Amino acid sequence: MARAHMAESGHTGDTVDGGSRAGSRAWRDRWGVRGPGIWRRGLVLAALAVLLALAMMLHADIPNSVGNLGSLWETFLPWSGVPILLLLAGALLRRSATALIAVLLPLLVWANLFAGQLTSKSGTGGDLTVVTHNVNAENPDPQGTAKALAASGADVVALEEVTSKQADTFEKGLERSHRHHKLMGTVGLWSKYPMRDVRSVDLKMGWPRAMRATVSTPKGDVAVYVAHLPSVRVQFRSGFTAGKRDGSAAALGYAIRHEKADKIVLLGDLNGTMNDRSLSPITSQMRSVQGAAGDGMGFSWPASFPMARIDQIMVKGATPVSAWSLPSTGSDHLPIAASVDLSD
């Protein structure tokens, strides 16, 4: 009986061990581990992964001389994660170890650039809460938009793309919550606190699309700028047409550089992201509240499926505390909000 039991146990062990070896051989056969194919396949995918990594690392060196390709690439740089996923899927389908290893390069670069933005950095408190919103010249419900902005709890509200037909609606909709206000051209500023030294800012466009005002808060005076830089277009023949915007960005940067106030807040639709080098006249001297204390990526446009943050809240001489997006209104932009600390 003992011999029979030993024989039966040995037979079972061989079967299990044989099954494991068969499964292992099947996996190796499927992936080609037993031959050189796993390393030879997917070389094109590997090359594309390396090129993508270089384009991400050297985004600032991609020239703007041809169709402003550099600025176009930087505008949608966070979405470079999509081709990374496609390359990863291709490497798995091709069963290529070379491609899989190569895909790690752009993945690491993307993580270095944007992983920190995926988590919330928002704090609590703050001395001043601000909101900026491109309300859209074709907004079908300006009254509802004004009501939502009045209920946002912001101390200061900046609006862009306000048409003459909408102006009265927004003035009436915000006057009870924000009694101090001024509208210049298509941009306006509404405040719970008194304003003075209100004047337009020349963006070299021929008509007012920017303004500044001194807002007297309980923590001291703040120079608040509202700006709507020219729109950009992506066209087949001319590429990323951003020449007018770039010129206006330089003019706005000049005005901020010569601002005498210690504390400055910039609110507006800059038609560009913080990655876009063409906005460096502004971004080089101010901090993005979203970048420093935001909740996630904070994309604001288009409202139906946000793909880029072209609406900005930036500060100089103040400390970012938190930044977030508000629910959509009748506009094609999302309203964005931020809280800042004005303490010395």
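A crossing is left-handed if the near helix is turned anticlockwise from the far one by less than a right angle, and right-handed if clockwise. The model is predicted: local features need pLDDT of at least 70, side-chain atom pairs count only at pLDDT 80 or more, and totals for chains, interfaces and linings use all residues. Residues are numbered from 1 along each chain as its sequence is written, and side-chain values use heavy atoms, with hydrogens and water left out.

**Exercise 1.** Describe how helix H5 and helix H6 pack.

*Solution.* 
- Step 1, elements. H5 spans residues 81-94 and H6 spans residues 97-114; helices are DSSP runs (H or I, at least four residues), numbered from the N terminus.
- Step 2, geometry. The two axes come within 9 Å, and the crossing angle is roughly 165 degrees. H5 is therefore roughly antiparallel to H6, a term for angles over 145 degrees. Axes are lines fitted to C-alpha atoms over the stretch in contact, and angles run from 0 to 180 degrees between N-to-C directions.
- Step 3, hand. H5 and H6 cross in a left-handed sense.
- Step 4, residues. On the H5 side, the contact (heavy atoms within 4.5 Å) uses Gly81, Ile84, Leu87, Leu88, Ala91 and Leu92. H6 supplies Ala99, Leu100, Val103, Pro106, Leu107 and Trp110.
- Step 5, classes. Eleven of these residues are nonpolar, one is polar and none is charged. Ala, Val, Leu, Ile, Met, Phe, Trp, Tyr, Cys and Pro count as nonpolar, Asp, Glu, Lys and Arg as charged, and the others, Gly among them, as polar.

**Exercise 2.** Locate Ala255 and state which residues Ala255 touches.

*Solution.* 
- Step 1, element. Ala255 belongs to helix H9 (residues 243-257).
- Step 2, contacts. Leaving out residues up to four places away in sequence, Ala255 touches Val201 and Tyr225.
- Step 3, distance. From Ala255 to Asp202, the C-alpha to C-alpha separation is 8.4 Å, and the two are 53 residues apart in sequence.

Key. Helices (H or I, at least four residues) and strands (E, at least two) are DSSP runs, numbered from the N terminus. Angles under 35 degrees count as roughly parallel, over 145 as roughly antiparallel, 65 to 115 as roughly perpendicular and the rest as oblique.
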